[in-house]
Amino acid sequence: MNRLKEIEDEISRHDRFIIGSHRSPEADAIGSQLGLSRALRQRGKQTILYNRDGVPKNLSFLKGSDSVLKHDELPEEVADVEMGIVLDCSGLDRLGDKGKRLFRGLPIINIDHHKDNTNFGDINYVEPVAATTQIIADLIQYMGLKLDEPIATALYSGVIADTSSFRNENVSANLMAKAAELLEGGADARSVIVNLYEREPFSKLKLLGEVLSTAEFKERIVWAEITPEKIAKAGATQEDTEGIVGKLRTTEGAKVACLFKKLPEDTIKVSLRSKDGVDVSKVAAEFGGGGHRVAAGCMVDGELEEVKEKVLKEIKKKMGATRSSKRK
Ligand SMILES: [Mn+2]
């Protein structure tokens with residue numbers, strides 16, 4: 001059976017829904033929640049939005065973002081909820097402990113685009129498209145609901161975030177057509193870009209400067225380190241460390257980018273990014289971490305210099321393996 005129909009049928013049988021997405025949410029998670037919720041309300045459905053960590057500051061411009069509740073903000077009525085809808089979330093665990101308990105007792109519709117989704121729902125719609133909001137846009141259209149400006153902007157945010165503004169491998173003609181529909185629906189494209197990419201605190205820029213000034217680039221690996229001293233010198237916060245490894249990856253000729261962040265108690269957080277075929281999740285796995293082929297990470301105990309040496313050695317080994325497997 002057409003799965004969109006299956007979802008529509010299930011939705012029409014119920015009135016009260018709780019819609020959740022993964023902890024530490026970004027635009028695809030929050031955009032999916034807000035877009036679907038607002039659309040279902042057109043049908044007179046009641047929706048409660050749940051996210052363990054609430055809405056990050058840069059997404060507070062999305063209309064309805066203040067309706068996303070953390071666990072201790074949930075109202076009494078949550079007991080009357082009939083069905084859970086989980087979005088952009090590869091496993092129930094990613095809702096967070098309390099969220100998992102909250103949803104486990106309910107029939108669940110699971111809508112996601114992560115390849116490793118565990119199909120934990122009673123209905124599972126898992127398609128490896130670029131963004132979950134792309135699937136929500138399809139569903140809204142299928143159900144004959146109206147794409148208004150707030151819905152279109154929320155969904156467009158997910159598309160922009162999960163394609164890095166149409167720069168990733170996941171960009172397709174289909175996606176562009178969907179993005180065009182969202183713009184026709186009134187999505188405020190400029191405000192999405194401003195809020196997602198042009199609201200960096202100045203301290204973040206200063207930290208980026210500190211970190212890049214000591215970056216190194218050898219044998220197609222580019223790496224840098226973040227120490228508490230650099231963070232203090234820039235007047236930066238932990239949040240300001242986001243995105244630096246992505247900047248390293250832009251280096252021409254680099255195959256792997258690696259960022260070493262020194263945490264208290266001699267633990268180093270290692271973030272890895274790749275382009276041109278090296279699977280960095282395999283490097284991370286050697287140290288008990290994980291992730292995707294092009295973005296992965298791990299925590300390694302030890303002194304900074306010693307950890308750097310071990311991880312760089314492993315990267316070189318995996319780069320060598322990629323080369324020889326290509327030769328075959
Ligand atoms: Mn996503």
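## Manganese site

At 18% relative accessibility, Asp 162 is buried (under 20% relative accessible area, with exposed over 50% and partly exposed in between; 1.4 Å probe, protein chains only). This is a predicted model, in which local features need pLDDT of at least 70 and side-chain atom pairs count only at pLDDT 80 or more, while totals for chains, interfaces and linings use all residues. Residues are numbered from 1 along each chain as its sequence is written, and side-chain values use heavy atoms, without hydrogens and water.

Asp 162 (OD) coordinates the manganese ion together with Asp 28 (OD), Asp 88 (OD) and His 113 (NE2), at 2.2 to 2.3 Å. Donors are N, O and S atoms within 2.8 Å of the metal (3.2 Å for Na, K and Ca); water is not among the atoms, so sites may look incomplete. Along the chain the donors are spaced D-x59-D-x24-H-x48-D. His 113 sits in the loop between strands E5 (108–112) and E6 (123–126) and Asp 162 in helix H5 (residues 149–162), so the pair ties together parts 49 residues apart in sequence. Helices (H or I, at least four residues) and strands (E, at least two) are DSSP runs, numbered from the N terminus. His 113 is also buried, at 11%.

## Salt bridges

The count is 22 salt bridges, each a side-chain nitrogen of Lys or Arg within 4 Å of a carboxyl oxygen of Asp or Glu. One of them joins Arg 3 and Glu 127 (2.9 Å, N to O). Arg 3 belongs to helix H1 (residues 3–12) and Glu 127 to the loop between E6 and helix H4 (132–142), 124 residues apart. Arg 3 is partly exposed at 28% relative accessibility.
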